[in-house]
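Try each task before reading its solution.

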Amino acid sequence: IACGPGYTCPAGSSARIPASCMEGTYLPDDGRAFANQTSCEPCLVGTWCLGGRAAPRLCGVGSFANTKGMGLCHRCSPGTFQEDEGTTACETCPSYHWCAEGSAAPTPCPAGTAGLAEGLANVDSCEPCAEGYWCSAGKQIACGLGTYNSATGADDQSFCTYCPPNSFT
């Protein structure tokens, strides 16, 4: 009896044994029988394989595979994110946001803080809103003409007060 695709049948076998490709490789479902590791194919970039008969799987959001033959995907490092599956790299976290390790999307800096640079790795990297501004969703917004704010950490426009009589901004 023919061994069949995805199995190995050592000489004298009375039963077929599931193929056992090494981590980072898989046995394609093209009808070939497992003879040895040369029967296995490396996983493509953007995918991972634990080994065995399973087909490659796309890297999930927040991770990537930038080389062939990976057994697991790399998690995005702090300050980067990845919102798509099957990718080969992570993107830099944009201004006004922070990105933890393995982020699938950027997180806006909290109210009263600003994300003034790209690649912020944690919420503590968001800076308190500066005097003369109020901050929302990580953006620093200047107080309007004729108003001022002498406090830091303002989280809404009500912190901007009108200038006293006979003064201006």
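**Exercise 1.** Find the backbone oxygen that the side chain of serine 63 contacts, and decide whether serine 63 is buried or exposed.

*Solution.* Start with the contact: a polar atom of the serine 63 side chain lies 2.7 Å from the backbone oxygen of glycine 60. Finally, serine 63 counts as buried because its relative accessibility is 10% (buried means under 20% relative accessible area, exposed over 50%, partly exposed in between, with a 1.4 Å probe and protein chains only).

Before going on, a note on the source: this is a predicted model, in which local features need pLDDT of at least 70, side-chain atom pairs count only at pLDDT 80 or more, and totals for chains, interfaces and linings use all residues. Residues are numbered from 1 along each chain as its sequence is written, and side-chain values use heavy atoms, leaving out hydrogens and water.

**Exercise 2.** Locate threonine 147 and the backbone oxygen that its side chain reaches.

*Solution.* Threonine 147 sits in strand E17 (residues 147-148). Its side chain reaches the backbone oxygen of glycine 144 at 2.6 Å. With a relative accessible area of 12%, threonine 147 is buried.

**Exercise 3.** Describe the phi angle and the setting of tyrosine 96.

*Solution.* Most residues other than glycine have a negative phi. Tyrosine 96, not a glycine, has a positive phi of about 75°. Tyrosine 96 belongs to the loop between E10 and strand E11 (97-98), and is partly exposed at 33% relative accessible area.

Notes
A polar contact is a pair of N or O atoms within 3.5 Å; within protein, one must be able to donate a hydrogen and the other to accept it, and residues adjacent in sequence count only if both atoms are side-chain atoms. Helices (H or I, at least four residues) and strands (E, at least two) are DSSP runs, numbered from the N terminus.
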